[in-house]
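Student: I am new to this structure and would like to go through it with you. Could we take the terms one at a time and set each value against its definition?

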Amino acid sequence: MGIVTFDAEDRWNAFVTVCRNVEHQDDGPLAGVRIAVKDNISTAGTQTTCGSAILKGYVPPYDAHVVTLLREAGAAIVGKTNMDEFGMGTTTESSAYGPTTNPVDMSRVPGGSSGGSAAAIAGGLVDMALGTDTGGSIRCPAAFCGIVGLKPTYGRTSRYGLIAYANSLEGVGPMGRTVRDVSRLFSAIAGHDPRDATSLDRPYDHTPTPEVKGLRIGVPAEFFGKGVDPAVAAQVRAAIERFTELGAEVVECTMPSMQYALAAYYVTCTCEASSNLARFDGVRYGPGADTIRSWHDAYQDHRKEHFGAEVRRRIMLGAFALSAGYYGKYYGKAQAARKNVREDFARLFADVDIVAGPTMPTTAFRLGEKSDPLSMYLADILTVPANLAGVPAISVPCGTVDNLPVGLQLIGPHFGEERIIDAAAAFEEVRA
Amino acid sequence: MVSETEVAHIAILADIGISSEELAEFTGQFNAILDYFDLLDQVEAGERPEAGTTNVFRDDEVVASLPLDDILKIAGESEDGYIKAPRVVL
């Protein structure tokens, strides 16, 4: 057993809980590596809050599968990172433990919802971190903080022990300073887990090969549509151009389902949230509810007091969208739109190897800038398609606009992680 | 358009407490978001997308559960080895 002392100064509020002295196994591919874990991933013996007051003080009695794998690989888990409450947000401002700031520019948000993980890496506190991605929650903060983040194929990492928000969309993924770090961390956490019925037996054992010769890269026009900052678009176009210099072929294409993807995503995730978050009643975990009063009175007041506004809004939206009379209008149509997104990707991947575009339509927002919920939702337009289809996507830094990082997003077919990681590594090499 | 009365009703159904000040704000936000969701009206309903899915049930084997003490430790309130909850039947 080795011991890592973690005494880094957290100027960005990247952590909710810090572990100062961490025991770790001496052998294993990640022996002694300091790794931060997003606070919605269960860690036995260490407080896990999901960024919410409703789980303040909750110490899980078991490890998430990915955490077990990290411990077996020798990693030193040095803390739990801040996040938008229950993963609901694009800025990490909705945490009950205060917002995280962006180490690149402290007047800006780090992106969300894995903003704490991204800031911990960008601020040099850790080399790698786990995030979770439901609609872009790994890729958005990676782009805003100038680091690398991978959203794996749905099911390639286990969700056992990930405190659920939207099961059919979310997954655990690696974040790091470099593509190689992300690849290394992904090797440790990918693979089958019988405790997650959606887990797939596709381990990852790949060494990044920075090679794109002959690769066909699809660039959908919709990824550069309305709302995408022209300066960000130009930076990403220039990055894609670099691939042609390396011998790849760029193919202009279209993705018509994109126009409905965001609405389909928000209907789906709020519906799933309304069901998943019903369990937070103050009875089995977290701060206790008043047991003297009647169930509904105690339950409503407990949730009013301990859930933030965004969580309550999404639970209510989901309850509304699933209610009798509206199910067909919202949930049914959202699933049809989701199928169209999946089919669009299948059609594209019959012709190209990867799809490329910006990760986020703009650079990092200022703290407090996105005060109305719909304008924040609209920022997720470029990341949600990969979640709806369950395909892997990586965000890799591709320069700056006004000194703020811009992310290049590379999307692959199901189980195409190796291919997008190779392409990202090739880009990283020429950019360096 | 949803009214404040409807939003208040949803809050009851979802067991989300809501104050009268919040009600107006939530209703405004709800309507903006639902307007945006109306985009989905243009999507053809098509076939149900679940085709091709399979069940992945595990065998129904008895395995050890977590220790009772560990569970009671994380519960809001407990008494005599039971988790204490608000009364459901009045």
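Student: In what order do the elements of chain B run from the N terminus on?

Tutor: From the N terminus on, the order in chain B is α-α-α-β-β, that is, three helices and two strands. Helices (H or I, at least four residues) and strands (E, at least two) are DSSP runs, numbered from the N terminus. This is a predicted model, in which local features need pLDDT of at least 70 and side-chain atom pairs count only at pLDDT 80 or more, while totals for chains, interfaces and linings use all residues. Residues are numbered from 1 along each chain as its sequence is written, chains are lettered from A and ligands numbered from 1 in the order in which they are written, and side-chain values use heavy atoms, with hydrogens and water left out.

Student: What makes chain A as compact as a globular protein of its length?

Tutor: Chain A comes to 12 helices and 13 strands. Its radius of gyration is 20 Å, close to the 22 Å that the globule rule gives for 432 residues, so chain A is as compact as a globular protein of that length. The radius is taken over C-alpha atoms, and the rule is 2.2 Å times the number of residues to the power 0.38.

Student: How does the radius of gyration of chain B stand against that of a compact globule?

Tutor: A compact globule of 90 residues would have a radius near 12 Å, but chain B has 22 Å. The C-alpha trace of chain B spans about 50 × 45 × 25 Å along its principal axes.

Student: Why is B:N31 called buried?

Tutor: Buried means under 20% relative accessible area, exposed over 50%, and partly exposed in between (1.4 Å probe, protein chains only). B:N31 has a relative accessible area of 10%, and therefore counts as buried. B:N31 is found in helix α2 (residues 20–37) of chain B, and leaving aside its neighbours within four places in sequence, B:N31 is in contact (heavy atoms within 4.5 Å) with B:M1 and B:V2.

Student: What covers the buried residues of α2(B)?

Tutor: The cover includes α6 (258–276), α7 (295–306), α8 (309–321), α9 (328–349) and α10 (373–378) of chain A, together with α1 (4–13) of chain B.

Student: Which residues does UniProt list for "active site"?

Tutor: The unreviewed UniProt entry lists A:K38, A:S113 and A:S137. Although spread over 100 residues of sequence, they cluster in space, with a largest C-alpha distance of 10.9 Å. UniProt positions are given in the numbering used here, feature names are shortened, and annotations may be inferred rather than shown by experiment.

Student: Are A:S113 and A:S137 buried or exposed?

Tutor: A:S113 counts as buried because its relative accessibility is 1%, and A:S137 is buried, with a relative accessible area of 4%. A:S113 is found in the loop between β5 (76–81) and α2 (115–122) of chain A, whereas A:S137 lies in the loop between β6 (128–133) and α3 (139–145).

Student: What kind of contact does the side chain of A:S137 make with the side chain of A:S113?

Tutor: The side chains make a polar contact at 3.0 Å. A polar contact is a pair of N or O atoms within 3.5 Å; within protein, one must be able to donate a hydrogen and the other to accept it, and residues adjacent in sequence count only if both atoms are side-chain atoms.
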